[in-house]
Amino acid sequence: AVAFRDAGTRGSPAEAADLAELSREVDGALKLVEAKLRDAELKLLEADAQARLRDEARAAARLSAAAASRRAALERLGGLAPAQAALVRTLALWREPDPGIRSWLQMQR
């Protein structure tokens, strides 16, 4: 569920009501996306019983290993020219899916 903390403390009651409505809409959209994703996974399993799904421990391990590999590559940027390293860090900030790595990159600036 999406929660907007202190929605009523920073603005008018109308703004708080708007945020509450937005929160309900986002929650509904997230539920719909989860249901569609699960439907797609079920169709995939029907077509291929060996398919890899997002809930599997193997998928989580692959994602974790990929994040560790990307972080290690970013840590080795010291071997590049400063301008090149800065460009790669900026691009990584835009494209990196892992919030932990993005936070680490921001601290490197």
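From the N terminus on, the protein chain runs α-α-α-α, which comes to 4 helices and 0 strands. Helices here are DSSP runs of H or I with at least four residues, strands are runs of E with at least two, and both are numbered from the N terminus. The radius of gyration is 20 Å, well over the 13 Å that the globule rule gives for 109 residues, so the chain is more spread out than a compact globule. That radius is taken over C-alpha atoms, and the rule is 2.2 Å times the number of residues to the power 0.38.

This is a predicted model, where local features need pLDDT of at least 70, side-chain atom pairs count only at pLDDT 80 or more, and totals for chains, interfaces and linings use all residues. Residues are numbered from 1 along each chain as its sequence is written, and side-chain values use heavy atoms, leaving out hydrogens and water.

Here are some totals for the protein chain:

| Item | Value |
|---|---|
| C-alpha span along the principal axes | about 55 × 50 × 20 Å |
| Buried share of the 109 residues | 17% |
| Share of contacts (separation of 6 or more) from residues 24 or more positions apart | 31% |

Buried means under 20% relative accessible area, with a 1.4 Å probe and protein chains only, while a contact means heavy atoms within 4.5 Å.

Now for one residue. Glu 96 sits in the loop between α3 (82–95) and α4 (99–108). Glu 96 is buried, with a relative accessible area of 6%. Leaving aside residues up to four places away in sequence, Glu 96 touches Arg 70, Ile 101 and Arg 102.

Technical notes
Buried means under 20% relative accessible area, exposed over 50%, partly exposed in between (1.4 Å probe, protein chains only).
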